[in-house]
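Let's take a friendly look at charged side chains and a few local backbone details. Have the sequence and the 3D view at hand as you read.

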2 protein chains.
Amino acid sequence: MATIKDIAIKTNLSTTTVSLVLNNRADNIPQKTKDIVLKAARDLNYSPNQLAVALVTKRSKTLGLIVPDIRNDFFSNLAKGIEDECRDKGWTVFLCNSNDMHDRDLEYIKILAGKGVDGILYCMSSDSDAKKFKEKYELFQRFGIKFIALDRYFDFPNIITARLDHLKGGYLATKHLIDLGHRRIACLTGPNNLIDSNERLKGYKMALKENGIPYDPNIIIEGNYQVEGGLSAVDKLVKTDFTAIFAFNDMMAYGLFKGLQTHGLFVPKDISIVGYDDIYLSEILEVPLTTVHQPVELMGKTATNYLINLIENEVENNVIPTHAPKLVVRKSTAKLNSS
Amino acid sequence: MATIKDIAIKTNLSTTTVSLVLNNRADNIPQKTKDIVLKAARDLNYSPNQLAVALVTKRSKTLGLIVPDIRNDFFSNLAKGIEDECRDKGWTVFLCNSNDMHDRDLEYIKILAGKGVDGILYCMSSDSDAKKFKEKYELFQRFGIKFIALDRYFDFPNIITARLDHLKGGYLATKHLIDLGHRRIACLTGPNNLIDSNERLKGYKMALKENGIPYDPNIIIEGNYQVEGGLSAVDKLVKTDFTAIFAFNDMMAYGLFKGLQTHGLFVPKDISIVGYDDIYLSEILEVPLTTVHQPVELMGKTATNYLINLIENEVENNVIPTHAPKLVVRKSTAKLNSS
DNA sequence: TTGAAAGCGTTACCAG
DNA sequence: CTGGTAACGCTTTCAA
């Protein structure tokens, strides 16, 4: 690989001059000299060594991305948005999977710091609690690395977060069912320790309240975000008088669908279902699923854009706008008593 | 961030000594001195600046990963295997999405070279032909970057590839149907310019031949790896006397399933289907899909291991073993005339 | 057993 | 307008 020195030698100029020209800082250098340098650079197929650049400028134009597991649709969409934005801005991104382990989070923060990243997009491991999150927060501080917490976070001062509006999503889903005439709306939540699940539940409650429907814990079931959770929830639900259900993700909604079928209950004739996530699958199922779509990829882009801006301008311009989800009405919901 | 110099000052030793100790090259240094250095390093929370290390050692312990689109299940599984292996070995990986564009491939190779990666795991954009592939090959050469072509490649001398055995997969799928008594086995392939599709077709033909079943182009349909391709293929197929079909991926298999349903044909009673990929979905469908599972993640791990080895030892030990797929028999296939 | 000094490829300051 | 030189943080001879 050709270096700046090679160009300097070839052109009989100093490395300073070459560097200046190559970085467009050559205000006082005649076009003629510039052309010579540029030509030599092209001839030698010069490409700057970013390691050296980063060493001296203290800026690598590199971000780290820490997610629990890139195989998960949510995270791969996030990663896509992030990488796209990086590319647009001439940045580059390291991929790290924590496998949902706090210790890995810590380890990766250290590694990325060593690699000289300017910032980290961080989606914390699901085994984190407030204390563990704080530990990581302090590590970021110690290394002086700016970071943005993606979707998952604990509320500390000065934490910058990129958020999906789960409350609104919960509200939209529930409101839709209410508008269709349902009043006995069951809820299959995610794990109770997850903030997104809690927020969605809040949205659910808000919609109920707003419409004068009493909240009934008997038709709220804690799920696990797996198909199987939907399946097993059905056994409990069939003993109640529910007419609709809001599942906190599409996989569980699908489990519900199958479970109901085995009980001779049909969607949407007998029971209406709303899911959450809008995974690829949902559109093409036997009964296309009404669900809540989240702008995950966009959130990735926005967060990245914000982070880069933060790094380059050192000012926290303002807050990242929360990303609003959108209800996608398909065939799994119907008017009550439409049968 | 503390540097080696800080430690040297604090301990009244030279940077040389500190470096030696920290890198376990301190054969001639008394334990006492070592302890002092180690303690100081801990106290100062020292962590080496890998940019500087890379600059001087010419080795960054960093790989690049170029894939068409990380949102695709196949690639995110690949990425997971790769990143896992990197982590195990103390390496790190840059993520790049080419969006299936040749020009992006080129661009990323240059960028990664600039970032000082020691090697690249490369899955080429689908718009590549032999000529374009060669262009990229030469770029790798010019930068002196070792690379491994993942799954997709063109046969040039000295190209190291990590391969899935699509021929075997095609053979297994077809053989399974033959064993069930089927002789009129249709085929819904991928795009004809893709090597994996061609290989699977070869496997299909091999199985037919081996069993004395004539090859009939009339029941071979070129697909597009999309659900919709499966759907539309049904319209052509129902005019033939096929009793089984081998779809070259699960998404199309699912499309077939739905299409057949609208024609009053049931799986596996009327028609047997074998898919390919074993995506998450396949196990939980109405009729769980018999399909071919590919060890994608493992291939990622193996390729990474090999590449790192290649970089560190400079010798091409031997060829990466081809990864054999596995038939997963579920409910979408049945004996002919079992109805 | 330890240290001085050169060098990796850049940028950036200050002279000329 | 251009160049010399220091510096970034580290490793690596070579000498002492």
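## Salt bridges overall

How many salt bridges does a search of the whole structure find over all chains? The answer is 40. Please keep in mind that this is a predicted model.

## Two pairs in chain A

Start with A:Lys10 and A:Asp43, which form a salt bridge with their closest N and O atoms 3.9 Å apart. This pair ties together distant parts of the chain: A:Lys10 belongs to helix H1 (residues 4-11) of chain A and A:Asp43 to helix H3 (residues 31-43) of chain A, 33 residues apart. A:Asp43 has a relative accessible area of 42%, so it is partly exposed. A:Lys10 is partly exposed too, at 46% relative accessibility.

Now turn to A:Asp69 and A:Arg71, whose side chains meet in a salt bridge of 2.7 Å, N to O. Here, is A:Asp69 buried or exposed? With a relative accessible area of 18%, A:Asp69 is buried, because the cut-off for that class is under 20%. A:Arg71, on the other hand, is partly exposed at 31%.

## A bridge that belongs to a network

The side chains of A:Glu85 and A:Lys301 also meet in a salt bridge, at 3.6 Å from N to O. A:Glu85 counts as buried at 6% relative accessibility, while A:Lys301 counts as partly exposed at 26%.

Which residues are joined with this pair into one network? Through salt bridges that share partners, A:Glu85 and A:Lys301 are connected with A:Arg87, A:Asp88, A:Lys89 and B:Glu107.

## A negative patch on the surface

Elsewhere, a patch of negative charge gathers on the surface from A:Asp103, A:Asp127, A:Asp129 and A:Glu135. One of its members, A:Asp129, sits in the loop between strand S3 (119-122) and helix H7 (130-143) of chain A. The relative accessibility of A:Asp129 is 35%, so this residue counts as partly exposed.

## The two ends of a helix in chain B

Finally, have a look at helix H4 (residues 50-57) of chain B. At its start, a side-chain oxygen of B:Asn49 comes to within 2.8 Å of the backbone nitrogen of B:Leu51. Just after H4(B), B:Lys58 adopts a positive phi of about 65°.

Conventions:
Residues are numbered from 1 along each chain as its sequence is written. Chains are lettered from A and ligands numbered from 1 in the order in which they are written. This is a predicted model: local features need pLDDT of at least 70, side-chain atom pairs count only at pLDDT 80 or more; totals for chains, interfaces and linings use all residues. Side-chain values use heavy atoms; hydrogens and water are left out. Patches are made of residues with over 30% relative accessible area and no salt bridge: like charges are joined within 9 Å, nonpolar side chains (Val, Leu, Ile, Met, Phe, Trp, Tyr) within 5 Å. Accessible areas come from the Shrake-Rupley method with a 1.4 Å probe; for residues, only the protein chains shown count as cover. A salt bridge is a side-chain nitrogen of Lys or Arg within 4 Å of a carboxyl oxygen of Asp or Glu. Lys and Arg count as positive and Asp and Glu as negative; His and the chain ends are not counted. The place of a charge is taken as NZ of Lys, CZ of Arg, CG of Asp or CD of Glu. Helices (H or I, at least four residues) and strands (E, at least two) are DSSP runs, numbered from the N terminus. Buried means under 20% relative accessible area, exposed over 50%, partly exposed in between (1.4 Å probe, protein chains only). A polar contact is a pair of N or O atoms within 3.5 Å; within protein, one must be able to donate a hydrogen and the other to accept it, and residues adjacent in sequence count only if both atoms are side-chain atoms.
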